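Thanks for coming. I will go through one protein model and then pick out a single residue.

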Amino acid sequence: MTPPPLVVSRHHEVLALLADPRLTVISAPRPPFTLTVAWLRGAVGRFTDGPAHAERRAEAVRILAGLDTRTLREEAFRQASARPQEAEHLATEVLAVALGVRAEDGRQAARAVTAIAAAYLPAAAPPTSGGPDTRATPSPWARQDTVAADDGLVRLSRLLGDPQPQRLAVLAGLLAQACDATAGLIRNALAAGAVAGPVEDLLAETLRHDPPVRTLRRTVTGPGVNGAAQGTVVLLDVAAANRDPEVFDDPGRFRPGRPGEHLTFGAGPRSCPAQEVALALAAGVVQAVRR
């Protein structure tokens, strides 16, 4: 019997649970090295906990620290000025080149990453009516749409010069995680229309008002988490928390420059390590397209 998911939507509760060690991510199996998305999931920090997560995250942070966000923003601006119709995917292309892909292969890399990203995350939890679910719970990793993703990883590895497996996992993981989220941020910011003020304020308000990532999923592993039983899936409703009226005045209104901290990049030990890079890329693209 599977307990129904616990949905948490208040800002202070989501913020506290993001740092709660009794909640873990859904761990991915770690098969032997092959160029498949199943191997990739098992080798990145995102789908693991404890020392393995800390080690893999530290390596990702080390690689990100070597990137110049000003240069990334300028290159994103240059590319988006020349190809505004491709705005959503240019961030992935620019990041792939910064991580080692040859400039002339940037488009190929972006297409490969897009294929990987489509099957990278666990499948969504099945809908529930609110009561206990007596059906067998399918593995969130039992996805059927991995053929194109596996092919994408083969192509991306080649374009990166076939690095050692652990470095490939870090690079491919960073790109896969940035792909849809950054594209969504760019898309939503451009959809806001003509908005006066700095692009940084526009992006911050877009992340609060219309976040590209709307929920984060965790699993209870210890007692005392809002009365939930061990094994309960917790859905942290970031989109709702970002509109909590106790934190944001008139939360449904799109108002760049407002005070308050949105939770779209997460918080605590699993906060997005690439948020500065994502913001630099998005700022360059949005600034170019909105001129």
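**Charges, fold and one serine**

I start with charge: the protein carries 32 positive and 30 negative side chains, and the centres of the two sets are 2 Å apart. Lys and Arg count as positive, Asp and Glu as negative, while His and the chain ends are not counted. Each charge is placed at NZ of Lys, CZ of Arg, CG of Asp or CD of Glu.

Before going on, this is a predicted model: local features need pLDDT of at least 70, side-chain atom pairs count only at pLDDT 80 or more, and totals for chains, interfaces and linings use all residues. Residues are numbered from 1 along each chain as its sequence is written, and side-chain values use heavy atoms, with hydrogens and water left out.

Now the fold. There are 11 helices and four strands (DSSP runs numbered from the N terminus: H or I of at least four residues for helices, E of at least two for strands). Along the principal axes, the C-alpha atoms fill a box of roughly 55 × 50 × 30 Å.

On burial, 46% of the 291 residues count as buried, which is under 20% relative accessible area with a 1.4 Å probe, protein chains only; exposed is over 50%, and partly exposed lies in between.

The residue I picked is Ser157, in helix 7, which covers residues 147-159. Is Ser157 buried or exposed? Ser157 counts as buried because its relative accessibility is 3%. Setting aside neighbours within four places in sequence, Ser157 contacts Leu35, Asp162, Pro163 and Leu168, a contact being heavy atoms within 4.5 Å.
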